[in-house]
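Visitor: I am new to this structure and would like to learn how to read it. Please show it to me, and then we can go through some features.

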Amino acid sequence: MNDFLGTVGGFVWGPPLLILLVGTGIYLTIRLSFLQFTMLPYALKTAFTKKQDKKSEGDISHFQSLMTALAATIGTGNIAGVATAVVIGGPGAVFWMWISALVGMATKYAEAILAVKYRIKDSNGQMAGGPMYYIEKGLGWKWMAVLFAVFAAVASFGIGNTVQSNSVAAVLQENWAMPVWITGLILMVFTAFVILGGIKSIGRVVGFIVPFMALFYVSAGLIILILNLELIPGAVWLILSDAFTGQAAAGGAVGVAIQYGVARGVFSNEAGLGSAPIAAAAAKTDYPGRQALVSMTQVFIDTIVICSITGVTLVMGDMYLDGADGAALTSATFEFFLGPIGATIVAIGLIFFAYSTILGWSYYGERSVYYLFKTSRAIMIYRLLYVIAVFIGAVLQLDTVWALADIMNGLMAVPNLIALLLLSGVVVAETKIFLKKKREEERMVK
């Protein structure tokens, strides 16, 4: 079964999907006149400003929506995923990770703008949105919307739940000899405490956890970079040169560096998968374009900031050819630069990253389940099953689940990317409306 799923996963995440992901980002970048670069300062300011929109419809603030999306994406991909990309694809994979993120910001923007435009209120008066809604309402393709919702609901139990709790259990057992069943029980209780309260509860908790955990890990990485400034130019040059030669990649192929750089970049920031717009749809916002800019910053923070720190540090440490991989390689590299405390920082970071991913993906899954069954009862059943799955993930071997989750993630992207391409005209139109409003606001301030 594992071999079969591995073959299917290799096909799903093969060159066609990666070309579609990057190609969609490039197409949207051109149609939006490189908006992700020109509007980034404004987007970051809007995301982190204390002034929040309280009058508009929505369940959570711009900031909480961004933190929910970051909670789901800042996870094992930032620590283990980057390391795997460097080991197999060579240092050049980091460059292609950057490229996928830069064009992925346009993709994320388009996803969010459509999610807000086509969102609805559910039977409880809460916002419901995401690819399943803009596929159905924007394209009129109910069947494809259902497919996306099914893929997302299944993926939430894999990449968003069991594999995350399994990673936490492994870290605690390895570093502090904690039995996996105790880890599973604790994680299950803490997950239930948060997600049974719905998106407002999730938004409050991740609004605290995500900034803390990101600053914790980023600060450690920055300390390494600052203390080893003389190594940075050489590491960056190796990343740039290897991106086009592939000498350090498996088999010495540039294509391997590109494939693993793009794949692991998307695995980390999820641009194009269609997950984050589900959180964007819950935000209080007056114009779809305003929230879309906020959502766009998630890719920048996740990949350009956090993954870059991991990637550059790994290349500086030059241990990626020694046999270690994944989180073990990142841990060994941090320990090399910071001593034993370095490994502890990576372990704690992985625990918080994985837990936040569990919280963020629970919301994606429940919105998908609501779309399929249209009842609050279905949501409550989903939450209970999700909580139980956290414990199961901690105590079982999950090779099959990992493989299945990888496939579901890839399958999510296909209907979402098709919708983004076909609805790109709507994205451009909504962008023009918001930019006109923004210019009016600026004139009023003057």
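Guide: A term comes before the cases: a residue is buried when its relative accessible area is under 20%, exposed when over 50%, and partly exposed in between. Keep in mind that this is a predicted model.

Visitor: Which residues form the nonpolar patch on the surface?

Guide: Leu396 is one of them; the others are Trp181, Leu185, Ile186, Val189, Phe190, Ile381, Leu385, Ile388, Ile392 and Val395. Together these residues have about 980 Å² of accessible area. Two elements, α10 (180-195) and α18 (376-395), each give two or more residues to the nonpolar patch.

Visitor: Why might residues spaced along a helix point the same way?

Guide: An α-helix has 3.6 residues a turn, so residues three or four places apart point the same way.

Visitor: How is the span of a helix read, and what span does α17 have?

Guide: The span from first C-alpha to last is set against the one expected at 1.5 Å a residue. Helix α17 covers residues 340-373, 34 residues in number, and reaches 50 Å, close to the 50 Å expected.

Visitor: How many residues of α17 are buried?

Guide: The count is 27 of the 34, so α17 is largely enclosed by the rest of the structure.

Visitor: What follows α17?

Guide: Lys374 comes next, with a positive phi. The value is about 60 degrees, although Lys374 is not a glycine. Lys374 belongs to the loop between α17 and α18, and its relative accessibility of 40% makes it partly exposed.

Visitor: How many cavities of 30 Å³ or more does a search of the whole structure find?

Guide: The search finds 3. The largest cavity has a volume of about 100 Å³. It is lined by 14 residues, of which Ala72, Ile159, Gln164, Phe267 and Glu270 are the closest to its centre. The elements that give two or more residues to this lining are α5 (62-73), α6 (76-89), α9 (142-176), α13 (254-269) and α17.

Methods
Residues numbered from 1 in each chain as written. Predicted model: local features only at pLDDT ≥ 70, side-chain atom pairs only at ≥ 80, totals over all residues. Heavy atoms only, no water. Helix = DSSP H or I, 4+ residues; strand = E, 2+ residues; numbered from the N terminus. Expected span 1.5 Å × (residues − 1). Buried < 20%, exposed > 50% of the residue type's maximum accessible area, 1.4 Å probe, protein only. Patch = residues over 30% accessible without salt bridge, like charges linked within 9 Å, V, L, I, M, F, W, Y side chains within 5 Å. Areas by Shrake-Rupley, 256 points an atom, 1.4 Å probe, with all protein chains shown as cover. Salt bridge = Lys/Arg side-chain N within 4 Å of Asp/Glu carboxyl O. 1 Å grid on protein atoms, 1.4 Å probe; cavity = no way out; pocket = protein on both sides within 12 Å on 5 of 7 lines; lining within 4 Å. Points joined across faces, edges and corners; volume = space filled by probe spheres on them.
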